[in-house]
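Dear colleague,

Please find below the sequence and structure that I am handing over to you. My findings follow directly after them.

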Amino acid sequence: MPKVPYKAHNKGKKWNEYMPKRSQENSKKTQFKKGYKPHNWLPIGSEWTNEKGYVYIKIKEPNDWQLKHRYIYEQHYGKIPKGYCVIFLDTNKKNFKLNNLQLVKIKEKLMMKNHHFLSLNKNVTKTGLVTVKLIIKTCDKKRRVNNGKIE
């Protein structure tokens, strides 16, 4: 036998069609009032840190949060293009100085992580980024040669 879906008795009805006046008055006492803010509401500019150590900042109401390092980068340099991300050169997720934030391709970030080129030293990380870019260019050239398209 097929299961009959449950349908609420008050679906599509107004209060006065299914609820007595006294119950309506009692219910109004417990409803949210205009301008009410829940106990966990936070103002714009509030920050919180997730379990991986990344800091989020509230940028607009009601609940629009963005990674703080991306927000700071975008405020100074403009929108981050698709396929790119912002990394911390010294791997410190709480160092939001502009000279510590670097825009890289996602592919470059993954290769840097796989080859252990991310370092506590900014200069070592920058050198690792140059190395990764060289590896990617070399691989692209080899791929073109192998496909018979020598440039």
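The notes below concern a helix pair and the cysteines. Please bear in mind that the model is predicted.

Helix packing

Two packed helices are described by the angle between their axes and the distance between the axes. Here the pair consists of helix α4, residues 106-114, and helix α5, residues 122-146. Their axes come within 9 Å and cross at roughly 110°. Since angles of 65 to 115 degrees count as roughly perpendicular, α4 and α5 are therefore roughly perpendicular to each other. The crossing of these two helices is right-handed.

On the α4 side, the contact is made by Lys107, Glu108, Met111 and Met112. The α5 side contributes Thr125, Gly128, Leu129, Val132, Lys133, Ile135, Ile136 and Asp140. Sorted by class, this contact of α4 with α5 has six nonpolar, four charged and two polar residues.

Cysteines

How many disulfides does the structure hold? The number is zero. A disulfide is a covalent bond between the sulfur atoms of two cysteines, and the criterion applied here is a pair of sulfur atoms within 2.5 Å. For Cys85, the closest cysteine sulfur is that of Cys139, at 19 Å, which is too far for a bond.

With kind regards

Terms used
Residues numbered from 1 in each chain as written. Predicted model: local features only at pLDDT ≥ 70, side-chain atom pairs only at ≥ 80, totals over all residues. Heavy atoms only, no water. Axes fitted to C-alpha atoms, helices over the stretch in contact; angles between N-to-C directions. Helix = DSSP H or I, 4+ residues; strand = E, 2+ residues; numbered from the N terminus. Parallel < 35°, antiparallel > 145°, perpendicular 65-115°, else oblique. Left-handed = near helix turned anticlockwise from the far one by under 90°. Contact = heavy atoms within 4.5 Å. Nonpolar A, V, L, I, M, F, W, Y, C, P; charged D, E, K, R; others polar.
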